[in-house]
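Please read the following paragraphs with the model open beside them.

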Amino acid sequence: MVPAMLERFGTFMPRILTLCGSLRAASSNRSLLRAAERAAPAGVVFEHFEGLGELPHFNPDVEAGPLPAPVADLRARVELADAILISCPEYARGIPGSFKNGLDWLVGGPELPGKPVALFNASPRASDAQAALRLVLTTMSARVVDQACIAVPLLAGSREAEAIAVDPELRPILERGLAALLAAIEPPQSD
Ligand SMILES: Cc1cc2nc3c(=O)[nH]c(=O)nc-3n(C[C@H](O)[C@H](O)[C@H](O)COP(=O)(O)O)c2cc1C
């Protein structure tokens, strides 16, 4: 059975690209993104971008020439996605440098503007990074979806994605954020 929120998509399967702001192997933000995939209705396609650490330092001179392969890969994945789901930690009350570097590589491209973006937050106390992300992304003309920006309190313990996805208190928060993000996706016009 097709969940009600997907009925308007018909045969179209929305694609969500996740971007994790942490390079840590045991990242709670990555677990949250994997949990989101588990909590999503069948028919939603998730892709998890794992190339953040391969991106060179942003340099406008380099951007002017042929793009480095990891950058071209990131841009291609963003272009293919119908929506972007970000979960990013806070470092020194700001966006981690490696993640801001990834966003900087998207500033000059046409892929992100207008695309719906959700900000998931694995640490409700990390409000400065969330505010900074929102400012950066709206400056980049991404469409940050307010109702899809949620805080999920994971800091109390490191949690596996499956445990988060089945937690009776956390799952409804995930589902609420995902539903809002899916509602912001425009299905392609059928002829
Ligand atoms: C260098 C560094 C700076 C941090 N600064 C903050 C901070 O300013 N505010 C905060 O709430 N947490 C801060 N933290 C805690 C991280 O946000 C927290 O450990 C988060 O879970 C890391 O995400 P991850 O598990 O996905 O790697 C900092 C952690 C590190 C390593």
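The expected span of a helix is taken as 1.5 Å times one less than its number of residues, where helices (H or I, at least four residues) and strands (E, at least two) are DSSP runs numbered from the N terminus. For α7, with its 14 residues, this gives 20 Å, and the end C-alpha atoms are 20 Å apart, so the two values agree. The model is a predicted one, in which local features need pLDDT of at least 70 and side-chain atom pairs count only at pLDDT 80 or more, while totals for chains, interfaces and linings use all residues. Residues are numbered from 1 along each chain as its sequence is written, and side-chain values use heavy atoms, with hydrogens and water left out.

Strands β1 and β2 pair in the parallel sense over five bridges, pairing being assigned if DSSP finds at least two bridges between two strands. Within this pairing, Leu19 has Phe49 of β2 as its bridge partner. Between the two strands the chain passes through α1, and this β-α-β crossover is right-handed, a term used if, with the strands pointing away from the viewer, the path from the first strand over the helix to the second runs clockwise. Strand β2 (residues 45-49) is mostly covered, since four of its five residues are buried; buried means under 20% relative accessible area, exposed over 50%, and partly exposed in between (1.4 Å probe, protein chains only).

A nonpolar core is here a set of buried Ala, Val, Leu, Ile, Met, Phe, Trp, Tyr and Cys residues joined through side-chain atoms within 4.5 Å. The largest such core has 34 residues, of which Ile16, Leu85, Phe120, Leu174 and Leu178 touch the most other members. The elements that give two or more residues to this core are β1 (15-20), α1 (28-39), β3 (83-87), β4 (116-121), α6 (161-166) and α7 (170-183), and α7 supplies the largest share, seven residues. Leaving aside neighbours within four places in sequence, Leu178 is in contact (heavy atoms within 4.5 Å) with residues including Ile16, Leu85 and Phe120. A second, separate core of 26 residues includes Leu19, Phe99, Leu133 and Ala142.

Leu74 lies in helix α3 (residues 69-80) and is buried, with a relative accessible area of 3%. Not counting residues up to four places away in sequence, Leu74 touches Leu19, Phe49, Leu55, Gly102 and Leu106, so that both partners of the bridge described above are among its contacts.

Arg93, in the loop between β3 and α4 (97-107), has a positive phi of about 60° although it is not a glycine, and Arg93 is exposed at 62% relative accessible area. Ser141, in the loop between α5 (127-139) and β5 (143-144), likewise is not a glycine and has a positive phi, near 65°; its relative accessibility of 43% makes Ser141 partly exposed.

What, finally, of the cysteines? The structure holds zero disulfides, a disulfide being a pair of cysteine sulfur atoms within 2.5 Å. Cys20 is in no disulfide, and its nearest cysteine sulfur, that of Cys88, is 7.7 Å away. The sulfur of Cys149 is 13 Å from the closest cysteine sulfur, in Cys88, which is too far for a bond. Cys20 is buried, with a relative accessible area of 7%, and Ser27, in the loop between β1 and α1, touches both Cys20 and Ser22 when residues up to four places away in sequence are not counted. Ser27 is itself buried, with a relative accessible area of 2%.
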